[in-house]
Amino acid sequence: MWFFARDPVRDFPFELSPDPPEGGPPGPWVLHRGRKKATGSPVSIFVYDVKPGADEQTQVAKAAFKRLKTLRHPNILAYIDGLETDKCLHVVTEAVTPLKMYLKERAEAGGLKELELSWGLHQIVKALSFLVNDCSLIHNNVCMAAVFVDRAGEWKLGGLDYMYSSQGNGGGPPRKGVPELEQYDPPELADGSGRAVREKWSADMWRLGCLIWEVFNGPLPRAAALRNPGKIPKSLVPHYCELVGANPKVRPNPARFLQNCRAPGGFMNNRFVETNLFLEEIQIKEPAEKQKFFQELSKSLDSFPEDFCRHKVLPQLLTAFEFGSAGAVVLTPLFKVGKFLNAEEYQQKIIPVVVKMFSSTDRAMRIRLLQQMEQFIQYLDEPTVNTQIFPHVVHGFLDTNPAIREQTVKSMLLLAPKLNEANLNVELMKHFARLQAKDEQGPIRCNTTVCLGKIGSYLSASTRHRVLTSAFSRATKDPFAPSRVAGVLGFAATHNLYSMNDCAHKILPVLCGLTVDPEKSVRDQAFKAIRSFLSKLESVSEDPTQLAEVEKDVHAASSPGMGGGAASWAGWAVTGVSSLTSKLIRAHPAAAPAETNVPQRPTPEGLPAPAPTPVPATPASPGHWETQEEGTDTAEDSSAADRWDDEDWGSLEEAESVLAQQEDWSPGGQASRAGQTSNLAAKSPESDWSSWEAEGSWEQGWQEPSPPEPPPEGTRLASEYNWGGPEPGDKGDPFAALSARREAGAQLRRDSWGDDNWEGLETESRQGKAELARKKREERRREMEAKRAEKKAAKGPMKLGTRKLD
């Protein structure tokens, strides 16, 4: 039987990249790029080939292998795996680039900032402090070739080949035998007498001075060049001079050098270093400190390196949200860092966190997500939006906080293109109808109209036909003037979605009513819109063959480009009026109650809603909007099939609406029910809708019952006749009083019995009952007193201590 030896290199879980080697520290090591076979993650592989007759170098390489394997520190090159055979040594570390190559690449891209250099040098000095003060080890090889940079821009100390113990055990420093490295040796090593008194860190601190000089000035030509600081920053020059001083005794300990450079005004005293130090210790920081840090982090990210933000800040932000209590404060820096990611990285790292955040009940987090949705909406796919995000977002429509309702409405501009048929044409329209009819904040009603005009082109043809005309008509009756402007601009923004018949019979009558609006801004926009619709009608009248071209979008499927022609009409929506919402909510929180004085009367279920009556607002001081009622002689005749509330969308508050209808016994309410009952027989089965009208219909919110038809010419009212009683000046006519009460009922939301004094009869009735009850109590009292007196007289007085027997 034959046995074949296994090749350890072939079985090694890491493989070298076919790219040429990147070099490495001076000596036998060669640095290669590599990857892990199982995952493909990048690594760096240091390779040493064992050569015959190079036993000394082989021992140095094996010692470096051992040191790197046992030393663990954030600022020392991280060991991952290794392979030792008779022919080679493989040391696998985190993916790094030699500092010399890194500086060259960055110089070609514009150079490194002082912030990056200060933090890089801080890390190397900290690694030296760890070796000298904690491990009692002398690195003995600090130079440009011994420093590496990872993908986050972190500097790592490597080149541990010539390390030795400062306590003397294990022998003295190994012989280097490499001329390129000997030029970094301090001058006292050239003194063979050994009379120079020095500290254990003196030689490494001299080499650190050489490294600083090379970082700012390039390769060191000779030791004498250290006398000229060159491009070293002025704040670092005094501390640099201490490092390269001729007296080794005065060279500072690495820990003291860091302390000096971190002093106020020092080279390492800056926001970038402070941020890195905080991130290194973030796990042991208090929650209040983390909150403050993340709040201030966003301001500094613009000045930080991109690689640092992607590979160091981002993981900490994700960890803080996932396992910490940072909350909404991580959102702003998270989305700011997300700009540095490509689409694939964004999908992998940011989107899962965003989806999880939408399910949070934290209001601060929800409103920040809505405010910054434009930064991540392009990375969300439609299934994720419809199943994991939209169901949580719609809760904001019912929130008691006006700011959340406002931001929820605005967010629909971004979500609408990704919503499916049910969410867009059913669920969203239900909430929009409720907001436009019932929301107490005028600016939110305005923004609802604005948003509807923006997303109108995404709606299905049937929904557009049923919704848009009714919704914008209702907006023109709103007591809040910007809402009326929004209704007019909504008509204009979606002008290509209406048939010529609708333009002539439904839209123009509404717009013409606004030409006498108290607000000039409303009148101006109404005239513009009227001219636009009239020009379309006139062009079709002149050339009827254009009708098909003009109405091509009316029955077309939803398309994002359909509303592009009216973009100029709707461009004001997000920039102008939307900013007004939060200002009015903050400045005039009491504005809402004044707006609720608009006359409204619920329409019973199953009956067509009456035609809306214009109710424009009169100019008033900010925060208080009064309404006035204008009588009209004609009622708009719109069929039930054209009303968007003619479908059973489901009622949000069915019980309250039905109860309110049952309790509406005012004259106006009875008259309205009587008129609606007469139309019930003529109603088609297709228009038999449920109680959705009671809460969320577009046609209910700002309207009154249809005014009665005017009597024939020449007919006198009953109140105009003199029925033989006193003159009108002496005594009020009862019919006139009833008429006045009916008009007053249209102005008030609550039911009223009018001005007649019904209190007198009720008072007399109550007084009679009270008197009768009082007499009965008095008679009963007298009877009881008489009975007690009879018993007392018959038995006589009772004796003390005796028991009364019946």
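In this predicted model, 5 strands form an open sheet in the order 1-2-3-5-4, with antiparallel pairing. Helices (H or I, at least four residues) and strands (E, at least two) are DSSP runs, numbered from the N terminus, and two strands pair if DSSP finds at least two bridges between them. Strand 1 (14-16) and strand 4 (79-84) lie at the edges with a single partner strand each, so one side of each has no neighbour in the sheet. From one strand to the next the twist averages 30°, with axes as lines fitted to C-alpha atoms and angles running from 0 to 180 degrees between N-to-C directions.

Strand 1 pairs with strand 2 (residues 30-36) in the antiparallel sense over 3 bridges; K36 in strand 2 is the bridge partner of F14. Strand 2 is in turn joined to the antiparallel strand 3 (residues 42-49) by 6 bridges, and G34 has V43 of strand 3 as its bridge partner. A hairpin is formed by strand 2 and strand 3, with 5 residues between them, and G40 in the turn has a positive phi of about 80°. Strand 4 pairs with strand 5 (residues 88-94) in the antiparallel sense over 5 bridges, and V91 in strand 5 is the bridge partner of G82.

Helix 12 (residues 331-338) is mostly covered, with 6 of its 8 residues buried (under 20% relative accessible area, 1.4 Å probe, protein chains only). The buried residues are L331, P333, L334, F335, V337 and G338. They pack against helix 10 (287-300), helix 11 (306-323), helix 13 (343-349), helix 14 (351-358) and helix 15 (363-371), where contact means heavy atoms within 4.5 Å.

Residues are numbered from 1 along each chain as its sequence is written, and side-chain values use heavy atoms, with hydrogens and water left out. As the model is predicted, local features need pLDDT of at least 70 and side-chain atom pairs count only at pLDDT 80 or more, whereas totals for chains, interfaces and linings use all residues.

Conventions
Buried < 20%, exposed > 50% of the residue type's maximum accessible area, 1.4 Å probe, protein only.
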